Amino acid sequence: MSKKNKETVEKVYHKKLIKRRKPNRSIAGDIALYIFLALVAFVMFFPIIFAVSNALKPLDELFRFPPKILAQNPTFDNFADLFVTMGKSWVTFSRYLFNTVFMTAAGTAGHLIIASMAAFVLAKYDFPGGGAFFKLVTIAIMFTGYVTVIPNYLIINALGMVDTYWAIIIPAFASPMGLFLMKQFMEGLPTSLIEAAKIDGANEWRVFSNIVMPNVKPAWMTLIIFSVQGLWNNRATTFIYSEEKKTLPFAMQQIQAGGIARTGQGAAVLVVLMVVPIAIFIFSESQILETMASSGLKD
Amino acid sequence: MKEFFSKYIALRKHNAQVAIKKAKRSKMCYAFLAPYAILFTLFFIAPVVISIFFSFTYYNVLESPRFLGVQNYVSLILEDDIFLQAIKNTFMIAIITGPLGYIMSFLFAWLINELPRWVRSIAVIIFYAPSIAGNCYVIFSVFFRGDAYGHVNALLMKLGIIDAPILWFINPTYMLPICMVVILWMSLGTGFLSFVAGLQGVDRSQFEAGYMDGIKNRWQELWYITLPNMKPMLLFGAIMAITQAFNVCDVTMQLCGYPSTDYAARTIATHLFDYGSTRFEMGYACAIATILFLMMYLCNKAIQSLLRRVGT
């Protein structure tokens, strides 16, 4: 019954969309706009399609003259090669893959919890220092890896974390972007919700874990995608020396430096690296957009 | 005057007392904030402070730092020709790709805003994918490969425009323009998402009121209704655009090599990487980092004050 109801509601909405054209739009302008957008979309997406097709090409096609854009006889040999040929090397491909997956998962999970806790009090309570701290965080969005890499190395060295997974995971916990988006989103939560829970006798931790967190699920996905994006592409060569702890992007560089024989495998790693963030984004797009709606900076 | 000061001090004292009282009552808040605040201070605030401190010293990690005063800055600006080249390149890239990428982000977010819902979500994926695809820009080195197997060379040779392959990433004439194209390709990033989401949130009734008041075309609608509503997102997008524009390093290093021919593709961030991670002249590298950070901060301030005037 409820399902049927929903369908009818959606249908009405759909009809309205087509009917309610804005009065100040010309049809010719709309058509020109569509064509323009389609062209740009093609140009934007072309390199990605090309990257995928390149990874599917057998070696002889990669060096054919004149070069073809699409693979003629697509194979998965290049992907298989990653595990077969690299499987015999000292550090196997699957080990690099594991390193990156582990660092990404651990860093993202910690970041989600710690940043949400901070965002919760910054958004919902007024205490001295909170506003100033948040201002610092917004400025810190501008610090990217290169500006702080040297002192960061000194600090991580002092903490004795050089050449461990922690050197990558712990700094990722404090990424300012996640806190910023989470705080902005939590401000939209009704304060009465929290007060009601408090009257019912919940302490702050209960309020946070049982009331606030389930209500900001769209923001989780956003934090996850930004954190994954940063960690998944982390080359981590500054902090990690042992070959068996190095990451996938580093392995990609090595493979690509391996010359002509490794061209196909290089293209395959590129696709492996690219697919994961894009897939996460596709699955969580609507939630991410919901969060980004509150991302604006107020004066 | 004296009276003013004593009143001022008394007021301050009172404010501080109130703040302390408040702080004592909100211990819970600090407990929640603590884990993040500690890590944040350790990995984001402390590095900047340390960086500024070391920029006044000579430090090579092995020996303890030796105080130099402003010597590092003086030699950066007066003696280091490569740094000047890096500043020139960074500014070229920032001035072209920064505003252009920012405008592109807004323009496309605005254009896809009126599409039906499912088309819009596909469009968002397509436009956003390049910036999220990580190292995917490496694929451009296949397009622009220096030998005849590169697609651009092959095409140009087939059309008879050139008769020998061009070494795109080795010839200084072509390096920066190609890098800029790649950076622009990746520029529809976080700011773009923020714009898309923000445009969806603009109140519909404002548009209808606008039609009544005689707004004729979509440009007027953009300037008088959409842009003023989007101000918070525009400010946020500006931070993202500046960060991206000034920190160009990976793209040029991976495509043009490191070091690039004649340092033609060297940016400030590459220079920083060179002194910090290759030559271990940490003091000097920290001076570069401080200058880069100052530039970004000032640029951000300038753009924020500019954006406050939009649509008013």
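Visitor: In this predicted model, is the crossing of α5(A) and α8(A) left-handed or right-handed?
Guide: Let's look at who is crossing whom. The pair is helix α5 (residues 93-124) and helix α8 (residues 166-173), both of chain A. Where α5(A) passes α8(A), the crossing is right-handed.

Visitor: And is α5(A) roughly parallel or roughly antiparallel to α8(A)?
Guide: The two helices pack at an angle of about 25°, with their axes 8 Å apart. Angles under 35 degrees count as roughly parallel. So α5(A) is, relative to α8(A), roughly parallel.

Visitor: How many charged residues does the contact of α5(A) with α8(A) have?
Guide: On the α5(A) side you'll find, among others, A:Met103, A:Gly107 and A:His111. The α8(A) side includes A:Ile168 and A:Phe173. By class, the contact has 7 nonpolar and 3 polar residues, and the number of charged ones is: none.

Visitor: Which helix gives the most to the side of domain 1 of chain A that touches domain 2 of chain A?
Guide: Chain A is assigned domain 1 (2-75) and domain 2 (93-292). In their contact, 7 residues of domain 1 of chain A meet 7 residues of domain 2 of chain A. On the domain 1 side, α2 (27-56) and α3 (59-62) of chain A each supply at least two residues. The top giver there, with 4 residues, is α2(A).

Visitor: What about the two chains: which helix of chain B gives the most to the side that touches chain A?
Guide: The contact takes 83 residues from chain B and 72 residues from chain A. With 18 residues, the biggest share of the chain B side comes from helix α2 (residues 27-54) of chain B.

Terms used: Residues are numbered from 1 along each chain as its sequence is written. Chains are lettered from A and ligands numbered from 1 in the order in which they are written. This is a predicted model: local features need pLDDT of at least 70, side-chain atom pairs count only at pLDDT 80 or more; totals for chains, interfaces and linings use all residues. Two residues are in contact if their C-beta atoms, placed from the backbone, lie within 7 Å. Domain bounds come from an automatic or database domain assignment. Axes are lines fitted to C-alpha atoms, for helices over the stretch in contact, and angles run from 0 to 180 degrees between N-to-C directions. Angles under 35 degrees count as roughly parallel, over 145 as roughly antiparallel, 65 to 115 as roughly perpendicular and the rest as oblique. A crossing is left-handed if the near helix is turned anticlockwise from the far one by less than a right angle, and right-handed if clockwise. Ala, Val, Leu, Ile, Met, Phe, Trp, Tyr, Cys and Pro count as nonpolar, Asp, Glu, Lys and Arg as charged, and the others, Gly among them, as polar.
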